[in-house]
Amino acid sequence: MATMFPCPSCGGQLKFSPERMQMLCSSCGQYTDPRAYKGNDIENEAGINTTIYTCPNCAGEIQVIDNDGMEFCPYCGTQTTMQEHFSKSGVPKYILPFNLTKKEAREKYLEEVKHIHFVPDGLNIDDNIDKLVGLYTPYYLYDYSSDGDVSFVGKQTSTSGDYEVTKETQFNVRVDVDDMKVPFDASQTFDDNVSGSINPFPLNELEKFNPNFLAGFFVENSTVDKEIYVEDALEEAKNSLCNKVKAKADGYDLTSREDERIHNDVASKLQYKGCEGAYLPVYFMTTRNYDRVSYSVINGASGAVYSDMPIDKRKMYAAAIGASFAIFAVLFVLSLTFSFTYRIKNLCGFAALVSSFIAYYGAKIADGVYRRDNHLDDKGYFGSKDVVTSNNIKPIKKKAKKKINKKSTKAALSGAGAVVLFLLLKGGYAFIIAGILYVIENGRAVSNVLNVILMLAMYISSFVFIIKGFNAVKKGQKTVLMLGTFGWIAAILIRIINLPNDIIYYIALAIVFAIIVFTIDCTVREYNRLATRPSPQFLKKGGKLENAKG
(Lines give C-alpha, C1' and ligand atoms only; values in the text may rest on other atoms or scores of the structure.)
Protein backbone atom coordinates (compact mmCIF):
# COMPACT_ATOMS: atom_id res chain seq x y z
CA MET A 1 0.00 0.00 0.00
CA ALA A 2 1.38 3.41 -0.96
CA THR A 3 2.23 5.78 1.84
CA MET A 4 -0.02 8.77 2.40
CA PHE A 5 3.08 10.86 3.14
CA PRO A 6 5.60 10.01 0.35
CA CYS A 7 9.05 11.56 0.54
CA PRO A 8 9.50 14.15 -2.26
CA SER A 9 13.01 12.80 -2.90
CA CYS A 10 12.69 9.00 -2.84
CA GLY A 11 9.00 8.23 -2.29
CA GLY A 12 9.68 6.64 1.12
CA GLN A 13 7.45 7.09 4.15
CA LEU A 14 7.60 10.42 5.98
CA LYS A 15 6.97 10.59 9.72
CA PHE A 16 6.83 13.67 11.90
CA SER A 17 9.94 14.02 14.09
CA PRO A 18 9.33 15.92 17.37
CA GLU A 19 13.09 16.26 17.81
CA ARG A 20 13.48 18.43 14.71
CA MET A 21 9.83 19.49 14.29
CA GLN A 22 10.19 18.27 10.71
CA MET A 23 8.95 15.30 8.70
CA LEU A 24 11.69 12.66 8.45
CA CYS A 25 11.94 10.10 5.63
CA SER A 26 12.48 6.59 6.99
CA SER A 27 14.32 5.62 3.80
CA CYS A 28 16.67 8.42 2.80
CA GLY A 29 16.70 10.46 6.01
CA GLN A 30 15.70 13.72 4.36
CA TYR A 31 13.79 16.29 6.43
CA THR A 32 10.73 18.11 5.05
CA ASP A 33 8.87 21.12 6.45
CA PRO A 34 5.37 19.87 7.48
CA ARG A 35 3.87 23.33 6.93
CA ALA A 36 4.98 23.43 3.28
CA TYR A 37 4.62 19.74 2.41
CA LYS A 38 1.89 18.69 -0.03
CA GLY A 39 1.35 14.92 -0.07
CA ASN A 40 -1.49 12.70 -1.17
CA ASP A 41 -5.03 13.98 -0.95
CA ILE A 42 -5.95 12.96 2.59
CA GLU A 43 -7.86 16.10 3.57
CA ASN A 44 -11.04 17.20 1.88
CA GLU A 45 -14.28 19.03 2.61
CA ALA A 46 -15.59 16.12 4.69
CA GLY A 47 -12.43 15.96 6.79
CA ILE A 48 -9.52 13.52 6.55
CA ASN A 49 -9.39 9.96 5.22
CA THR A 50 -8.49 7.61 8.06
CA THR A 51 -8.46 3.97 9.02
CA ILE A 52 -10.24 3.35 12.32
CA TYR A 53 -9.11 0.43 14.48
CA THR A 54 -11.70 -0.83 16.95
CA CYS A 55 -10.85 -3.11 19.86
CA PRO A 56 -13.18 -6.16 19.94
CA ASN A 57 -12.79 -6.29 23.73
CA CYS A 58 -13.58 -2.73 24.89
CA ALA A 59 -14.76 -0.99 21.68
CA GLY A 60 -12.06 1.67 22.05
CA GLU A 61 -11.28 3.36 18.74
CA ILE A 62 -8.11 4.85 17.29
CA GLN A 63 -7.73 6.63 13.95
CA VAL A 64 -4.72 5.91 11.77
CA ILE A 65 -3.74 7.78 8.64
CA ASP A 66 -0.49 6.11 7.64
CA ASN A 67 0.52 3.16 9.79
CA ASP A 68 0.98 -0.60 9.59
CA GLY A 69 -1.79 -1.41 12.05
CA MET A 70 -2.05 -2.19 15.77
CA GLU A 71 -1.22 -5.37 17.65
CA PHE A 72 -2.71 -4.40 21.01
CA CYS A 73 -5.36 -2.07 22.39
CA PRO A 74 -3.85 0.98 24.15
CA TYR A 75 -6.96 1.34 26.32
CA CYS A 76 -7.54 -2.13 27.78
CA GLY A 77 -4.12 -3.65 27.05
CA THR A 78 -5.58 -6.64 25.19
CA GLN A 79 -3.18 -8.36 22.79
CA THR A 80 -5.47 -8.62 19.78
CA THR A 81 -5.76 -7.76 16.13
CA MET A 82 -7.92 -4.69 16.14
CA GLN A 83 -10.72 -4.58 13.61
CA GLU A 84 -10.33 -1.88 10.99
CA HIS A 85 -12.63 0.11 8.77
CA PHE A 86 -12.24 3.26 6.72
CA SER A 87 -13.78 6.57 7.61
CA LYS A 88 -13.88 10.19 6.58
CA SER A 89 -13.52 11.91 9.91
CA GLY A 90 -14.02 15.58 10.64
CA VAL A 91 -11.03 17.57 11.82
CA PRO A 92 -10.50 20.03 14.66
CA LYS A 93 -9.44 23.63 14.23
CA TYR A 94 -6.13 23.31 16.04
CA ILE A 95 -3.30 20.87 16.65
CA LEU A 96 -0.40 21.01 19.10
CA PRO A 97 2.48 19.02 17.57
CA PHE A 98 4.53 16.57 19.63
CA ASN A 99 7.81 18.11 20.75
CA LEU A 100 8.78 15.20 23.02
CA THR A 101 10.29 12.12 21.34
CA LYS A 102 9.36 8.59 22.37
CA LYS A 103 12.87 8.20 23.82
CA GLU A 104 12.42 11.33 25.93
CA ALA A 105 8.96 10.13 27.05
CA ARG A 106 10.51 6.81 28.05
CA GLU A 107 13.15 8.64 30.13
CA LYS A 108 10.45 10.74 31.82
CA TYR A 109 8.55 7.57 32.71
CA LEU A 110 11.63 5.80 34.10
CA GLU A 111 12.51 8.88 36.16
CA GLU A 112 9.00 8.85 37.64
CA VAL A 113 9.08 5.11 38.40
CA LYS A 114 12.53 5.38 39.99
CA HIS A 115 11.13 7.45 42.85
CA ILE A 116 8.25 5.08 43.62
CA HIS A 117 8.78 2.25 46.10
CA PHE A 118 7.66 -1.37 45.64
CA VAL A 119 7.10 -1.12 41.87
CA PRO A 120 5.94 -4.53 40.56
CA ASP A 121 8.44 -6.37 38.38
CA GLY A 122 7.83 -5.86 34.68
CA LEU A 123 6.45 -2.31 34.70
CA ASN A 124 9.87 -0.79 34.05
CA ILE A 125 11.24 -3.35 31.57
CA ASP A 126 11.76 -2.63 27.89
CA ASP A 127 8.98 -4.94 26.66
CA ASN A 128 6.44 -2.98 28.68
CA ILE A 129 7.81 0.50 27.96
CA ASP A 130 7.85 -0.27 24.24
CA LYS A 131 4.04 -0.17 24.42
CA LEU A 132 4.21 3.63 24.68
CA VAL A 133 1.87 4.96 22.00
CA GLY A 134 2.14 8.48 20.61
CA LEU A 135 -1.51 9.52 20.56
CA TYR A 136 -3.16 12.77 19.51
CA THR A 137 -5.99 13.09 22.01
CA PRO A 138 -9.10 15.18 21.27
CA TYR A 139 -9.70 18.24 23.45
CA TYR A 140 -12.26 21.00 23.57
CA LEU A 141 -10.89 24.51 23.96
CA TYR A 142 -13.43 26.82 25.60
CA ASP A 143 -12.52 30.36 24.60
CA TYR A 144 -13.09 33.43 26.80
CA SER A 145 -12.32 37.13 26.70
CA SER A 146 -12.51 39.88 29.28
CA ASP A 147 -12.14 43.64 29.12
CA GLY A 148 -12.34 46.05 32.04
CA ASP A 149 -10.98 47.02 35.45
CA VAL A 150 -11.45 45.15 38.71
CA SER A 151 -11.24 47.25 41.89
CA PHE A 152 -10.76 45.99 45.44
CA VAL A 153 -9.29 47.01 48.78
CA GLY A 154 -6.34 45.24 50.37
CA LYS A 155 -5.25 45.51 53.98
CA GLN A 156 -1.77 45.34 55.48
CA THR A 157 -1.29 45.18 59.24
CA SER A 158 1.95 46.00 61.04
CA THR A 159 3.05 46.71 64.60
CA SER A 160 4.58 50.00 65.69
CA GLY A 161 5.52 50.01 69.34
CA ASP A 162 2.38 49.33 71.34
CA TYR A 163 0.15 50.06 68.36
CA GLU A 164 -1.20 47.92 65.56
CA VAL A 165 -1.32 49.84 62.30
CA THR A 166 -3.66 48.80 59.48
CA LYS A 167 -3.02 50.20 56.04
CA GLU A 168 -5.71 50.04 53.35
CA THR A 169 -4.88 50.31 49.66
CA GLN A 170 -7.22 50.59 46.70
CA PHE A 171 -6.20 48.34 43.78
CA ASN A 172 -7.37 48.77 40.20
CA VAL A 173 -6.37 45.82 38.05
CA ARG A 174 -6.84 45.83 34.31
CA VAL A 175 -8.33 42.53 33.11
CA ASP A 176 -7.72 42.59 29.38
CA VAL A 177 -7.82 39.08 27.94
CA ASP A 178 -8.66 38.54 24.30
CA ASP A 179 -8.10 34.82 23.90
CA MET A 180 -8.06 32.62 27.01
CA LYS A 181 -8.51 28.93 26.16
CA VAL A 182 -9.61 26.44 28.82
CA PRO A 183 -8.95 22.83 27.73
CA PHE A 184 -11.01 19.74 28.61
CA ASP A 185 -10.44 16.35 27.05
CA ALA A 186 -13.09 15.27 24.56
CA SER A 187 -12.35 11.59 25.03
CA GLN A 188 -14.52 9.02 26.74
CA THR A 189 -11.43 6.84 27.19
CA PHE A 190 -9.37 9.50 28.96
CA ASP A 191 -10.25 9.90 32.65
CA ASP A 192 -10.75 13.56 33.61
CA ASN A 193 -8.49 13.17 36.64
CA VAL A 194 -5.69 11.73 34.50
CA SER A 195 -5.97 14.42 31.84
CA GLY A 196 -6.03 17.09 34.55
CA SER A 197 -2.88 15.69 36.16
CA ILE A 198 -0.73 16.28 33.06
CA ASN A 199 -1.91 19.85 32.48
CA PRO A 200 -1.04 22.43 31.41
CA PHE A 201 -0.31 22.19 27.70
CA PRO A 202 1.56 25.10 26.05
CA LEU A 203 -1.51 26.33 24.20
CA ASN A 204 0.42 29.36 22.94
CA GLU A 205 2.16 26.91 20.56
CA LEU A 206 -1.07 25.74 18.91
CA GLU A 207 -1.01 25.42 15.13
CA LYS A 208 -3.85 25.51 12.66
CA PHE A 209 -4.77 21.87 11.98
CA ASN A 210 -2.40 20.25 9.53
CA PRO A 211 -2.61 16.47 8.87
CA ASN A 212 1.15 16.35 8.24
CA PHE A 213 1.76 16.56 11.99
CA LEU A 214 -0.17 13.27 12.37
CA ALA A 215 2.31 11.27 10.28
CA GLY A 216 3.64 8.38 12.39
CA PHE A 217 1.21 8.94 15.28
CA PHE A 218 -2.21 7.65 16.24
CA VAL A 219 -5.35 9.74 16.65
CA GLU A 220 -8.29 9.15 18.94
CA ASN A 221 -11.89 9.85 18.02
CA SER A 222 -13.79 12.43 20.03
CA THR A 223 -16.75 10.90 21.83
CA VAL A 224 -17.92 13.64 24.21
CA ASP A 225 -20.39 16.44 23.60
CA LYS A 226 -18.90 19.88 24.20
CA GLU A 227 -21.84 20.88 26.43
CA ILE A 228 -20.64 18.43 29.11
CA TYR A 229 -17.85 20.75 30.30
CA VAL A 230 -19.35 24.19 29.65
CA GLU A 231 -20.03 24.92 33.34
CA ASP A 232 -16.68 23.52 34.47
CA ALA A 233 -14.79 25.55 31.87
CA LEU A 234 -16.55 28.74 32.94
CA GLU A 235 -15.70 28.10 36.59
CA GLU A 236 -12.07 27.39 35.73
CA ALA A 237 -11.83 30.56 33.64
CA LYS A 238 -13.27 32.60 36.53
CA ASN A 239 -10.87 31.10 39.05
CA SER A 240 -7.88 31.61 36.76
CA LEU A 241 -8.64 35.30 36.24
CA CYS A 242 -9.47 35.83 39.92
CA ASN A 243 -6.12 34.36 40.93
CA LYS A 244 -4.32 36.68 38.49
CA VAL A 245 -6.17 39.68 39.90
CA LYS A 246 -5.50 38.74 43.54
CA ALA A 247 -1.82 38.16 42.75
CA LYS A 248 -1.52 41.93 42.21
CA ALA A 249 -2.27 42.44 45.92
CA ASP A 250 1.00 40.83 46.94
CA GLY A 251 1.63 41.52 50.64
CA TYR A 252 -1.93 42.68 51.26
CA ASP A 253 -4.72 40.63 52.81
CA LEU A 254 -8.21 40.40 51.36
CA THR A 255 -11.35 40.04 53.41
CA SER A 256 -13.94 37.45 52.39
CA ARG A 257 -16.14 40.33 51.26
CA GLU A 258 -13.43 41.69 48.94
CA ASP A 259 -12.69 38.19 47.67
CA GLU A 260 -16.34 37.73 46.77
CA ARG A 261 -16.37 41.17 45.18
CA ILE A 262 -13.44 40.24 42.91
CA HIS A 263 -15.12 37.00 41.90
CA ASN A 264 -18.40 38.71 41.02
CA ASP A 265 -16.64 41.53 39.15
CA VAL A 266 -14.53 39.09 37.10
CA ALA A 267 -17.59 36.96 36.33
CA SER A 268 -19.55 39.97 35.05
CA LYS A 269 -16.78 40.88 32.62
CA LEU A 270 -16.08 37.38 31.30
CA GLN A 271 -17.36 36.71 27.79
CA TYR A 272 -17.74 33.24 26.28
CA LYS A 273 -16.53 33.21 22.66
CA GLY A 274 -17.30 29.60 21.80
CA CYS A 275 -15.64 26.20 21.68
CA GLU A 276 -13.22 24.73 19.16
CA GLY A 277 -11.66 21.30 18.86
CA ALA A 278 -7.95 20.50 19.07
CA TYR A 279 -5.62 17.51 18.99
CA LEU A 280 -3.13 17.60 21.87
CA PRO A 281 -0.12 15.22 22.13
CA VAL A 282 -0.01 12.43 24.71
CA TYR A 283 2.14 9.32 25.13
CA PHE A 284 -0.07 6.52 26.42
CA MET A 285 0.90 3.16 27.94
CA THR A 286 -1.40 0.44 29.29
CA THR A 287 -0.38 -2.47 31.50
CA ARG A 288 -2.94 -5.23 31.95
CA ASN A 289 -3.30 -7.14 35.23
CA TYR A 290 -6.05 -9.78 35.08
CA ASP A 291 -9.33 -7.87 34.70
CA ARG A 292 -7.83 -4.48 35.56
CA VAL A 293 -5.42 -2.09 33.84
CA SER A 294 -2.99 0.61 34.90
CA TYR A 295 -2.24 3.68 32.80
CA SER A 296 0.93 5.71 32.39
CA VAL A 297 0.48 8.99 30.53
CA ILE A 298 3.11 11.53 29.47
CA ASN A 299 2.30 15.00 28.16
CA GLY A 300 3.84 14.99 24.68
CA ALA A 301 4.56 18.72 24.87
CA SER A 302 5.61 19.45 28.47
CA GLY A 303 6.78 16.01 29.68
CA ALA A 304 4.46 15.93 32.73
CA VAL A 305 3.90 12.31 33.85
CA TYR A 306 0.95 10.50 35.41
CA SER A 307 1.28 6.84 36.35
CA ASP A 308 -0.99 4.30 38.04
CA MET A 309 1.38 2.23 40.15
CA PRO A 310 0.26 -0.75 42.26
CA ILE A 311 2.37 -2.27 45.06
CA ASP A 312 4.40 -5.46 44.92
CA LYS A 313 3.52 -7.16 48.22
CA ARG A 314 6.70 -9.23 48.34
CA LYS A 315 8.88 -6.14 48.09
CA MET A 316 6.74 -4.32 50.62
CA TYR A 317 6.87 -7.10 53.22
CA ALA A 318 10.62 -7.51 52.76
CA ALA A 319 11.05 -3.80 53.46
CA ALA A 320 8.60 -4.04 56.39
CA ILE A 321 10.54 -6.86 58.02
CA GLY A 322 13.76 -4.88 57.69
CA ALA A 323 12.10 -1.75 59.10
CA SER A 324 10.60 -3.71 62.00
CA PHE A 325 13.98 -5.20 62.96
CA ALA A 326 15.56 -1.74 62.77
CA ILE A 327 12.86 -0.22 64.99
CA PHE A 328 13.17 -3.10 67.45
CA ALA A 329 16.96 -2.67 67.58
CA VAL A 330 16.68 1.07 68.24
CA LEU A 331 14.13 0.55 71.02
CA PHE A 332 16.25 -2.22 72.55
CA VAL A 333 19.33 0.02 72.64
CA LEU A 334 17.31 2.88 74.12
CA SER A 335 15.91 0.57 76.82
CA LEU A 336 19.45 -0.46 77.82
CA THR A 337 20.79 3.08 77.66
CA PHE A 338 18.03 4.79 79.63
CA SER A 339 16.92 1.75 81.67
CA PHE A 340 13.25 2.06 80.83
CA THR A 341 10.64 -0.61 80.39
CA TYR A 342 7.32 -0.58 78.58
CA ARG A 343 4.07 -0.77 80.46
CA ILE A 344 2.13 -3.53 78.79
CA LYS A 345 -1.25 -1.82 79.29
CA ASN A 346 -0.02 1.28 77.45
CA LEU A 347 0.52 -0.85 74.37
CA CYS A 348 -3.24 -1.35 74.27
CA GLY A 349 -3.72 2.37 73.63
CA PHE A 350 -1.08 2.31 70.92
CA ALA A 351 -2.67 -0.77 69.27
CA ALA A 352 -6.09 0.92 69.37
CA LEU A 353 -4.66 4.06 67.73
CA VAL A 354 -2.89 2.12 64.95
CA SER A 355 -5.97 -0.05 64.27
CA SER A 356 -8.28 2.95 64.06
CA PHE A 357 -5.94 4.89 61.81
CA ILE A 358 -5.64 1.98 59.37
CA ALA A 359 -9.42 1.57 59.45
CA TYR A 360 -9.86 5.24 58.55
CA TYR A 361 -7.21 5.26 55.83
CA GLY A 362 -8.53 2.01 54.37
CA ALA A 363 -12.01 3.54 54.27
CA LYS A 364 -10.68 6.53 52.34
CA ILE A 365 -9.00 4.22 49.82
CA ALA A 366 -12.17 2.10 49.48
CA ASP A 367 -14.21 5.22 48.74
CA GLY A 368 -11.65 6.24 46.12
CA VAL A 369 -11.91 2.79 44.49
CA TYR A 370 -15.70 3.04 44.38
CA ARG A 371 -15.61 6.50 42.81
CA ARG A 372 -13.00 5.49 40.23
CA ASP A 373 -14.65 2.20 39.27
CA ASN A 374 -17.98 3.96 38.77
CA HIS A 375 -16.41 6.97 36.98
CA LEU A 376 -18.07 9.39 39.40
CA ASP A 377 -15.37 12.03 38.82
CA ASP A 378 -15.14 11.52 35.06
CA LYS A 379 -17.87 13.36 33.20
CA GLY A 380 -16.42 12.45 29.83
CA TYR A 381 -16.95 8.72 30.40
CA PHE A 382 -20.69 9.17 29.99
CA GLY A 383 -20.23 10.71 26.59
CA SER A 384 -23.07 13.14 26.17
CA LYS A 385 -25.79 15.01 28.03
CA ASP A 386 -28.36 12.49 26.88
CA VAL A 387 -26.40 9.62 28.38
CA VAL A 388 -25.94 11.50 31.65
CA THR A 389 -29.64 12.30 31.86
CA SER A 390 -30.78 8.77 30.98
CA ASN A 391 -28.57 7.31 33.70
CA ASN A 392 -29.76 9.83 36.31
CA ILE A 393 -26.22 11.08 36.81
CA LYS A 394 -25.97 14.50 38.38
CA PRO A 395 -23.41 16.96 36.99
CA ILE A 396 -20.19 16.71 38.94
CA LYS A 397 -18.89 19.86 40.53
CA LYS A 398 -15.14 20.27 40.39
CA LYS A 399 -13.78 21.03 43.84
CA ALA A 400 -10.39 21.17 45.45
CA LYS A 401 -9.60 18.08 47.48
CA LYS A 402 -6.58 16.43 48.95
CA LYS A 403 -5.12 13.70 46.81
CA ILE A 404 -3.90 10.46 48.28
CA ASN A 405 -0.12 10.60 48.20
CA LYS A 406 0.97 7.33 46.62
CA LYS A 407 4.50 7.41 47.95
CA SER A 408 3.37 8.16 51.52
CA THR A 409 0.72 5.48 51.23
CA LYS A 410 3.26 2.87 50.29
CA ALA A 411 5.49 3.89 53.18
CA ALA A 412 2.51 3.57 55.50
CA LEU A 413 1.81 0.04 54.42
CA SER A 414 5.24 -1.38 55.26
CA GLY A 415 4.12 -3.71 58.04
CA ALA A 416 3.19 -2.99 61.63
CA GLY A 417 6.61 -1.48 62.41
CA ALA A 418 6.46 0.79 59.38
CA VAL A 419 2.94 1.90 60.34
CA VAL A 420 4.43 3.34 63.52
CA LEU A 421 6.94 5.28 61.44
CA PHE A 422 4.17 6.48 59.10
CA LEU A 423 2.12 7.76 62.04
CA LEU A 424 5.09 9.76 63.23
CA LEU A 425 5.91 11.21 59.80
CA LYS A 426 2.45 11.66 58.28
CA GLY A 427 0.26 12.06 61.37
CA GLY A 428 1.64 15.46 62.26
CA TYR A 429 2.97 16.94 65.47
CA ALA A 430 0.32 15.24 67.64
CA PHE A 431 1.72 11.77 66.90
CA ILE A 432 5.31 12.95 67.24
CA ILE A 433 4.60 14.48 70.65
CA ALA A 434 2.66 11.38 71.66
CA GLY A 435 5.58 9.15 70.69
CA ILE A 436 8.13 11.27 72.54
CA LEU A 437 5.99 11.44 75.66
CA TYR A 438 5.40 7.70 75.46
CA VAL A 439 9.13 6.89 75.51
CA ILE A 440 9.91 9.50 78.16
CA GLU A 441 7.00 8.40 80.34
CA ASN A 442 8.16 4.80 80.33
CA GLY A 443 11.58 6.08 81.31
CA ARG A 444 9.91 7.63 84.36
CA ALA A 445 10.84 11.13 83.26
CA VAL A 446 7.29 12.46 83.35
CA SER A 447 4.57 12.24 85.89
CA ASN A 448 1.66 9.82 85.97
CA VAL A 449 -0.63 12.74 85.18
CA LEU A 450 0.98 13.15 81.76
CA ASN A 451 0.65 9.42 81.22
CA VAL A 452 -3.08 9.59 81.86
CA ILE A 453 -3.41 12.57 79.50
CA LEU A 454 -1.42 10.75 76.83
CA MET A 455 -3.48 7.57 77.11
CA LEU A 456 -6.73 9.55 76.98
CA ALA A 457 -5.47 11.38 73.89
CA MET A 458 -4.70 8.06 72.19
CA TYR A 459 -8.10 6.54 72.95
CA ILE A 460 -10.01 9.71 72.01
CA SER A 461 -8.00 10.04 68.77
CA SER A 462 -8.66 6.39 67.93
CA PHE A 463 -12.41 6.91 68.49
CA VAL A 464 -12.33 9.95 66.16
CA PHE A 465 -10.55 7.91 63.46
CA ILE A 466 -13.20 5.18 63.66
CA ILE A 467 -16.05 7.70 63.33
CA LYS A 468 -14.30 9.41 60.40
CA GLY A 469 -13.73 6.00 58.80
CA PHE A 470 -17.42 5.13 58.83
CA ASN A 471 -18.19 8.56 57.43
CA ALA A 472 -15.53 8.25 54.69
CA VAL A 473 -16.27 4.78 53.31
CA LYS A 474 -19.73 5.64 51.97
CA LYS A 475 -20.49 3.04 49.25
CA GLY A 476 -17.01 1.52 49.03
CA GLN A 477 -16.01 -1.88 50.36
CA LYS A 478 -15.92 -1.96 54.15
CA THR A 479 -13.50 -4.88 54.64
CA VAL A 480 -10.55 -2.82 55.91
CA LEU A 481 -12.81 -0.59 57.99
CA MET A 482 -14.44 -3.54 59.74
CA LEU A 483 -11.12 -5.32 60.36
CA GLY A 484 -9.57 -2.15 61.75
CA THR A 485 -12.62 -1.57 63.93
CA PHE A 486 -12.41 -5.15 65.22
CA GLY A 487 -8.74 -4.65 66.14
CA TRP A 488 -9.62 -1.34 67.84
CA ILE A 489 -12.39 -2.94 69.92
CA ALA A 490 -10.13 -5.86 70.86
CA ALA A 491 -7.37 -3.50 72.04
CA ILE A 492 -9.81 -1.52 74.18
CA LEU A 493 -11.36 -4.65 75.70
CA ILE A 494 -7.92 -6.01 76.60
CA ARG A 495 -7.19 -2.71 78.37
CA ILE A 496 -10.49 -2.74 80.26
CA ILE A 497 -10.32 -6.38 81.32
CA ASN A 498 -7.95 -6.88 84.21
CA LEU A 499 -5.99 -9.88 82.93
CA PRO A 500 -4.21 -11.96 85.60
CA ASN A 501 -0.59 -11.48 84.36
CA ASP A 502 1.59 -9.87 81.70
CA ILE A 503 2.03 -13.09 79.73
CA ILE A 504 -1.69 -13.21 78.94
CA TYR A 505 -1.54 -9.50 78.01
CA TYR A 506 1.29 -10.21 75.59
CA ILE A 507 -0.61 -13.12 74.01
CA ALA A 508 -3.78 -11.02 73.65
CA LEU A 509 -1.86 -8.08 72.17
CA ALA A 510 0.01 -10.41 69.81
CA ILE A 511 -3.38 -11.46 68.44
CA VAL A 512 -4.38 -7.80 68.06
CA PHE A 513 -1.17 -6.98 66.16
CA ALA A 514 -1.70 -10.05 63.98
CA ILE A 515 -5.10 -8.57 63.11
CA ILE A 516 -3.36 -5.26 62.32
CA VAL A 517 -0.92 -6.97 59.96
CA PHE A 518 -3.80 -8.79 58.22
CA THR A 519 -5.66 -5.47 57.97
CA ILE A 520 -2.59 -3.90 56.37
CA ASP A 521 -2.53 -6.74 53.83
CA CYS A 522 -6.18 -6.04 52.97
CA THR A 523 -5.37 -2.33 52.73
CA VAL A 524 -2.61 -3.10 50.22
CA ARG A 525 -5.05 -5.18 48.19
CA GLU A 526 -7.55 -2.30 48.23
CA TYR A 527 -4.84 0.19 47.32
CA ASN A 528 -3.84 -1.93 44.35
CA ARG A 529 -7.44 -1.68 43.18
CA LEU A 530 -7.18 2.09 43.55
CA ALA A 531 -3.91 2.10 41.56
CA THR A 532 -5.54 0.18 38.69
CA ARG A 533 -8.78 0.54 36.77
CA PRO A 534 -11.53 -1.75 35.54
CA SER A 535 -10.89 -2.98 32.01
CA PRO A 536 -12.84 -0.37 30.00
CA GLN A 537 -15.98 -1.03 28.01
CA PHE A 538 -16.51 2.04 25.84
CA LEU A 539 -19.94 1.27 24.50
CA LYS A 540 -21.37 4.80 24.67
CA LYS A 541 -20.67 7.38 21.99
CA GLY A 542 -21.12 11.14 21.94
CA GLY A 543 -20.12 14.23 19.99
CA LYS A 544 -17.46 14.90 17.39
CA LEU A 545 -14.76 17.57 17.32
CA GLU A 546 -16.05 19.01 14.09
CA ASN A 547 -19.24 19.93 15.98
CA ALA A 548 -17.30 22.09 18.45
CA LYS A 549 -18.32 25.40 17.03
CA GLY A 550 -19.21 28.31 19.25
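Trainee: Is phenylalanine 217 to be read as buried or exposed?
Mentor: Buried means under 20% relative accessible area, exposed over 50% and partly exposed in between, with a 1.4 Å probe and protein chains only. At 10% relative accessibility phenylalanine 217 counts as buried, and tyrosine 136, with a relative accessible area of 0%, is buried as well. This is a predicted model, in which local features need pLDDT of at least 70 and side-chain atom pairs count only at pLDDT 80 or more, while totals for chains, interfaces and linings use all residues. Residues are numbered from 1 along each chain as its sequence is written, and side-chain values use heavy atoms, with hydrogens and water left out.

Trainee: How many aromatic pairs does the structure hold, and what is the geometry of tyrosine 136 and phenylalanine 217?
Mentor: Rings of Phe, Tyr and Trp (its six-membered ring) pair if their centres lie within 6.5 Å; planes under 30 degrees apart are stacked, over 60 edge-to-face, and the rest tilted. The structure holds 19 such pairs. The rings of tyrosine 136 and phenylalanine 217 have centres 5.8 Å apart and planes at 75°, so the pair is edge-to-face.

Trainee: Which parts does that pair tie together?
Mentor: Strands are DSSP runs of E with at least two residues, helices runs of H or I with at least four, numbered from the N terminus. Tyrosine 136 lies in strand S9 and phenylalanine 217 in the loop between strands S11 and S12, so the pair ties together parts 81 residues apart in sequence. Phenylalanine 190 and phenylalanine 284 also form an edge-to-face pair, at 6.2 Å centre to centre and 70° between the planes; both residues are buried.

Trainee: Which residues do ring pairs link into a cluster?
Mentor: The cluster consists of Phe98, Tyr136, Phe217 and Tyr283.
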